[in-house]
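Good morning, and thank you for coming.

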Amino acid sequence: MSAARAAPLAAPEPAPAFYAAAAKIYPRETGGRFARLRRSAVLVLLGLFYGVAWLKWDGHQAVLFDLPARKFHVFGLTLWPQDFLYLALLLIIAALALFFFTALAGRLWCGYACPQTVWTELFIWIEQWTEGTRTQRIKLDRAPWSARKLLRKASKQLLWLALAAYTGFTFVGYFTPIRPLGGEILAHALGPWATFWILLYSLATYGNAGFLREQVCKYMCPYARFQSAMFDRDTLIISYDRARGEPRGARRRGSPARAQGLGDCIDCTLCVQVCPTGIDIRQGLQYECIACGACIDACDEVMDKMGSARGLIRYTTEHALCGGRTQLMRARMAVYAALLALASGVLLYAMFTRTPLILDVIRDRNALYREVHGDRIENAYTLRVINLDDRPHRYRLQVGGMPQLELVAPAGPIESAPGTVSTIAARLQAPQSAAAGIHPITLSLAAEDAPRIVVHEQARFIGPKS
Ligand code: SF4
Ligand code: SF4
């Protein structure tokens, strides 16, 4: 037998695990300050989402992003593609507000306002209503299939599907008028695109809030990855007070912890059971923590029962945990606040001084000028008048900037329906004696019924060379 054959065979290396199935999380229901805050946020935000789509304003849908017509109606305001500045400013303000509040108090957005959190909370309420408490849900999942289990599971799925479908319908109702959309569904006359988008958003809601849940926060959300860049040692975060809690261990209610060589944590794991992302906050700040505050509520309840002070898990800062003083107003907060105030001020100013009228002046390219009646010079222009307002207007055109310049056409006011673009031929004349050379001129368009709506546009009047 060769030496090579005599050597013992090494056990093959186990293949690296690229994927480990996530254990299902059964969050325990909680009461308390932060649960009330989260429920209120869910009710207000979902109330707004489902309710605002049905509001009317001046005879049309109050909030409608009419993409085919390229018009956004936001209550009394109609925004056009030309108003992109407002959208850009709004996005900048949203980003700065996110930076400001994250630097101040951590992931407030994730815990209370993110659509993923809000819809997951709603889906969990349905789950609790149909399948019971955490313990009952775990038992039900482990139990063999029976009529009772089928009934509970089926009713949960049906309610989830109905809610997801209504959410998809409402979402599309912000882009297509919701009342006719509802009518089309009832009449089985829904178009293919509307069907596609409603199904897509229904499926996304059903999948994300019903099944993916914390996986979205852990693996899909980019914000979870970079939010720590906005944290510093004075940012309010939800933390376990290790110095007070350790060494953890079970003890009788009311018995002094220190006398038994223990900290305040009784290792009941309730803070883990209520966590929607299934983490143990006692292991320190983790990127999976969405700052929902459920562990604070759970632990406060335990501390109350044990006769200890609340706040073993609490909103605090790294500085405070190390015995230092927290500085809420610091340089980065001042910079975020100043930028936020500036961007908000610019947006408000731009909105209040917005003129719902655009005038484009295009010179006739076929001829520099024409001689008319032998002693007059005429220039021709094409005017594009865009009425951005929600009501019709009569506009009067005036010209200036050059002596003896006369408007020949249009002779009367320009009528313009709301949200329309009108193309008008305009002719200006001046005597030969005054017209020689190139003259900068101004065309002004003013609404007869609204003195505040007036725009000025620069152009050139060209005459023969002097
Ligand atoms: S809930 Fe409080 S006492 Fe219970 S394990 Fe968590 S930190 Fe410890
Ligand atoms: S650790 Fe606490 S605050 Fe963070 S997600 Fe879990 S329950 Fe919410």
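**Local features of a predicted model**

T269 is partly exposed, with a relative accessible area of 30%. In these terms, buried means under 20% relative accessible area, exposed over 50%, and partly exposed in between, with a 1.4 Å probe and protein chains only.

A word on conventions. This is a predicted model, in which local features need pLDDT of at least 70 and side-chain atom pairs count only at pLDDT 80 or more, while totals for chains, interfaces and linings use all residues. Residues are numbered from 1 along each chain as its sequence is written, chains are lettered from A and ligands numbered from 1 in the order in which they are written, and side-chain values use heavy atoms, with hydrogens and water left out.

T269 lies in the loop between helix 12 and helix 13. Helices are DSSP runs of H or I with at least four residues, strands are runs of E with at least two, and both are numbered from the N terminus. The phi of T269 is near 60°, a positive value in a residue other than glycine. P247 is found in the loop between helix 12 (242–245) and helix 13 (270–273), and the peptide bond from E246 to P247 is cis, with omega near -10°.

Which residues are around ligand 1? They are Y240, C265, I266, D267, C268, T269, C271, R282, C299, M303, L312 and I313; to be near, a residue must have a heavy atom within 4 Å of the molecule. By class, this shell has 9 nonpolar, 1 polar and 2 charged residues. Here Ala, Val, Leu, Ile, Met, Phe, Trp, Tyr, Cys and Pro count as nonpolar, Asp, Glu, Lys and Arg as charged, and the others, Gly among them, as polar.

I turn now to R376. This residue is in strand 10 (residues 376–387). Is R376 buried or exposed? R376 is buried, with a relative accessible area of 18%. A polar contact of 3.0 Å joins the side chains of R376 and Q429; such a contact is a pair of N or O atoms within 3.5 Å, where within protein one must be able to donate a hydrogen and the other to accept it, and residues adjacent in sequence count only if both atoms are side-chain atoms.

Finally, consider R70, in the loop between strand 3 (63–66) and strand 4 (71–74). Its phi is near 55°, a positive value in a residue other than glycine. At 58% relative accessibility, R70 counts as exposed.
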